Amino acid sequence: MEAERKYSYYPGCSLMVTNRSYDISTRNVAAVLGIEMAEIEDWNCCGATAYYPVREKRSYVLSARNLSIAERNSTDLITVCSGCYAVLKKTDKYLSEDEELREEIRAALREGGMDYEGKVKVRHFLEVLTKDLGEEAVRRHVVNSLDGMKVAPYYGCLFGRPFGGRDEFEFPEAMDDLIRWLGGEPAPFPLKSKCCGGMLMTTQPDMALNMTGKILRNAKSCGAVCIATCCPLCQINLEGYQGKVSKRMGSDCSIPVVYFTQLMGYAFGLDAEQLALKDCLTDVDSVFAQRGSKR
Amino acid sequence: MEVTTVNEDLGRALLERVMSIPNGHKIKACQQCGACSASCPSSYAMEYSPREIIAALRAGVLNRVFESSTVWLCASCYLCTVRCPAGIPFTDVMYELKAMGIEKGLYKKDQHNIKMARTFTRTVEKYGRNAEVEMILKYYLTTNPLKLLGQTSLALKLLMKGRLDLFPHRIKGLAELKKMVAAVEGGSNGS
């Protein structure tokens, strides 16, 4: 039996419907690993990167409210969205380092009957898997080894920047390790943490299409059969515009894109429904269905 | 030809404010090495690169800072921040410059990215969570409705998959959340 591991869980807005496959596959993979993730009650939007420019301090209030709710559980707070992760972590860090800011935000929380003492540790699920659980805990659940599957691990920006360790700023390895533990081969992927454009896909599509184009092309040229992501915004930018991108780049940039949790769930023998594979916009059958499953 | 305007008083006030954010004082240590500009995935499209923005800000050449599109093209990737040898949190500086420009009305009104930031903020304050469809629709309707057509192919795909979140989710503690945000700078108005 696995030792019971308890965490709080913050899904974030984009995981409610649009990217629910990330939420569903995360919960099911966690269940296999014996990780208990309690969704924090009545959480609100983290503020994302679009909130700071309008009202910086309000964005801290938004995140602090979530941290306050998580503090009731006295466990680390897991999020799988790299955007939410960076924003929540930044709020926690700035509040702990800046007393004036902390007192102002705490006073604001009290106006609504809450408070935050600074006891929550914000974690990305990918980091929890590789640091808290580790190789053996993951390997023992593999029934469909990813043997021979070359995967491009795409981290995007906010998993490693600015709050990862120094080694993670530009060339994180957590997902590379995970892919190896699942029996697969992480592709050497130079653009693994290059920006996908994020919200520029809406406001400056010309720029963002170039940015995603370079990433898709690089993944293909590394010989990967798919890209694995750990952020819902990266996922939609990489999977949602491949037709447009191919036209712009003048070469076929189509490649299946999945969440790393879907890849892991497949290796654990979970079925298509448990991984919400039908939500994928790219040809994921070529990655999973054609290999079959032992369960 | 570009007119260079130096407004010393306002420039000093804005520089003070940038220096007041966590680690913002490190902007004084910028040696103009250009690591930020070389790292920035957006700099190729900017009128002034991040390095030039720092120089302009310190010199009080405010029109370069606020009338150019530069700060609005920041994708929040933090590569400049982690690479800066002087430790300047330049991504945070960009956020602060956006905020100051909006507050003082210094930006060109046609910056779509301001509309995006405002629409997002209003949506979140209305429900406590983001309502993606409502937010995106409002953004396109207030900027360029024709651009919405460019999104129809993806929107249809998402719709077919049941991935369009058509109904906003209002949090239970919305009234309390509103009290909290009203308690910090900016009062209770939407933007």
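**Exercise 1. Find which strands helix H11 of chain A lies across, and its angle to S8(A).**

Solution. H11 lies across strand S5 (150-154), S7 and S8 of chain A; contact here means heavy atoms within 4.5 Å. Next, take the direction: H11 runs at about 165° to S8(A). Axes are lines fitted to C-alpha atoms, for helices over the stretch in contact, and angles run from 0 to 180 degrees between N-to-C directions.

A word on the ground rules: this is a predicted model, where local features need pLDDT of at least 70, side-chain atom pairs count only at pLDDT 80 or more, and totals for chains, interfaces and linings use all residues. Residues are numbered from 1 along each chain as its sequence is written, chains are lettered from A and ligands numbered from 1 in the order in which they are written, and side-chain values use heavy atoms, leaving out hydrogens and water.

**Exercise 2. Work out the strand order of the open sheet with 4 strands, and its edges.**

Solution. Go across the sheet and you read S6-S5-S7-S8 in chain A, with parallel pairing. (Two strands pair if DSSP finds at least two bridges between them.) The edges are S6 (185-186) and S8 (257-259), each pairing on one side only. Now zoom in on S7, residues 226-229: 3 bridges join S7(A) to S8(A). For one of the partners, look at A:Ile227, which bridges to A:Val257 in S8(A).

**Exercise 3. Trace what S1(A) pairs with.**

Solution. First comes S2 (residues 35-39): 5 bridges tie it to S1 (residues 5-9) in chain A, and the two run parallel. Within that pair, A:Arg5 has A:Ile35 as its bridge partner, and A:Tyr7 stands opposite A:Met37. Then there's S3 (residues 77-79), which pairs with S1(A) in the parallel sense over 2 bridges. Here A:Tyr9 stands opposite A:Ile78.

**Exercise 4. Describe how H3(A) and H5(A) cross.**

Solution. Helix H3 (residues 56-71) and helix H5 (residues 99-111) of chain A have axes that come within 10 Å and cross at roughly 65°. That makes H3(A) roughly perpendicular to H5(A) (under 35 degrees is roughly parallel, over 145 roughly antiparallel, 65 to 115 roughly perpendicular, the rest oblique). Finally, the residues that meet include A:Tyr60 and A:Val61 in H3(A), and A:Ile105 and A:Leu109 in H5(A).
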